[in-house]
Amino acid sequence: MKGLVIKNTGSWYTVLTDDGSTVDCKIKGNFRIKGIRSTNPVAVGDRVTISSPSTGGGQEGVWITEIEDRRNYIIRKSINLSKQSHILAANVDLAMLVVTVVKPETSTTFIDRFLASAEAYSVPVILIFNKTDLLDEEERHYQDMMIDLYETVGYECHAISAEKGDGVEELRPLLEGKVTLLSGNSGVGKSTLINLLAPHANQRVADISEAHQTGMHTTTFSEMIPLTSHLSPLTSHPNSWLIDTPGIKGFGTFDMEKEELTSYFKEIFEFSKQCRFSDCTHTHEPGCAVLKAVEDHYIAQSRYQSYLSMLEDKDENKYREAY
């Protein structure tokens, strides 16, 4: 029996089968995907084969027996196990990264690390700047500068207020017929946004910690939420899904070689074609077109610093939190 993994609680996986039923499954302790060292070998968005309840000893004995090849996935380094990765979601058509200028502030380093990881696995990204209703004049100017930066690089950006509902309707057409990963720091308003886009989801919303201006974790597991309230068989389902993931503080890079990093920063890659040396690291070499572009402000200093921080990750081979 085949189906789609729509929820991962850490110990159980909920699978929507091709006939429209949902089944809770487990995986064998030694189940691993060849070539991927992951804390979660099965991810939300995976197409899988499961054992039949009739042969598996009832629903409690249903096992995931096979994973179909993935089109792509979004991966990050595990916080506690630096040698392992954590797969946020698989088979994603689009990623929406929700960021905020205040309460909490999303760092450009975090944004850039997410964008680079998505580039590495061929997942398009749209940046959603939330909580515009909280911004004063100076903060709004800073947000406009960030939007200008990322749009210039080549990323679509939207400024919204999920709390007020401003700009949210403009997002709906972008989600139609797609599996969309929703990610971001804790407290940026992902749950509030999901409740507007899919009211039947009833996601819990928590207050921001006043002491640290950070979000309280309300999502503790990854889940696919249909953009309609009725789950019909996959053959007739419009296949518009939101994937909600737990809020993350840092985004450590994984499975990226130093020589590949340049290609995950769109503007750096373009200027790198003009470098004197083909193996230029863009850190000190003479005739480096990237360093010249940074000096001439054609490449933003924040983007270049993010690139350097990811190089440092590879040098030190450890997880670095990006605030």
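Leaving aside its neighbours within four places in sequence, which residues is S272 in contact with? Keep that question for the third stop; the tour starts with the whole chain.

**Stop 1: the whole chain**

Show the protein chain as a cartoon. The model is predicted. The chain has seven helices and 15 strands. Of its 323 residues, 51% are buried. For contacts between residues at least 6 apart in sequence, 67% join residues at least 24 apart.

**Stop 2**

The structure holds 11 salt bridges. Side chains of opposite charge can pair when their charged atoms come close.

Select K2 and E68. These two residues form a salt bridge, with their closest N and O atoms 3.9 Å apart. K2 sits in strand β1, which covers residues 2-8, while E68 is in the loop between β5 (64-67) and β6 (73-77). The pair links distant parts of the chain, 66 residues apart. K2 counts as partly exposed because its relative accessibility is 38%. E68, at 31% relative accessibility, also counts as partly exposed.

Next, select K7 and E223. They form a salt bridge whose closest N and O atoms are 3.9 Å apart. K7 lies in strand β1 and E223 in strand β14 (residues 222-226), so this pair ties together parts that are 216 residues apart in sequence. With a relative accessible area of 24%, K7 is partly exposed.

**Stop 3: S272 in helix α5**

Select helix α5, residues 266-272, and find S272 in it. Is S272 buried or exposed? S272 is buried, because its relative accessible area is 16% and the cut-off for buried is under 20%. Now for the opening question: beyond its neighbours within four places in sequence, S272 is in contact with T262, H282 and V290. Show the side chains of T262, H282 and V290 to see these contacts around S272.

**Stop 4**

Select D296 and K292. How far apart are the closest N and O atoms of their salt bridge? The distance is 2.6 Å. D296 counts as partly exposed, at 31% relative accessibility, and K292 is partly exposed with a relative accessible area of 46%.

**Stop 5: W241 in strand β15**

Select strand β15, residues 241-244, where W241 is found. W241 has a relative accessible area of 0%, so this residue is buried. W241 and P226 are 15 residues apart in sequence, and from C-alpha to C-alpha they are 4.5 Å apart in space.

**Stop 6: a negative patch**

Bring the surface back for the last stop. Which residues form the negative surface patch? They are D144, D148, E151 and E156. Select helix α2, residues 137-153: the largest share of the patch, three residues, comes from this helix. D148 is in helix α2.

Technical notes. Residues numbered from 1 in each chain as written. Predicted model: local features only at pLDDT ≥ 70, side-chain atom pairs only at ≥ 80, totals over all residues. Heavy atoms only, no water. Patch = residues over 30% accessible without salt bridge, like charges linked within 9 Å, V, L, I, M, F, W, Y side chains within 5 Å. Areas by Shrake-Rupley, 256 points an atom, 1.4 Å probe, with all protein chains shown as cover. Salt bridge = Lys/Arg side-chain N within 4 Å of Asp/Glu carboxyl O. Lys, Arg positive; Asp, Glu negative; His and termini not counted. Charge placed at Lys NZ, Arg CZ, Asp CG, Glu CD. Helix = DSSP H or I, 4+ residues; strand = E, 2+ residues; numbered from the N terminus. Buried < 20%, exposed > 50% of the residue type's maximum accessible area, 1.4 Å probe, protein only. Contact = heavy atoms within 4.5 Å.
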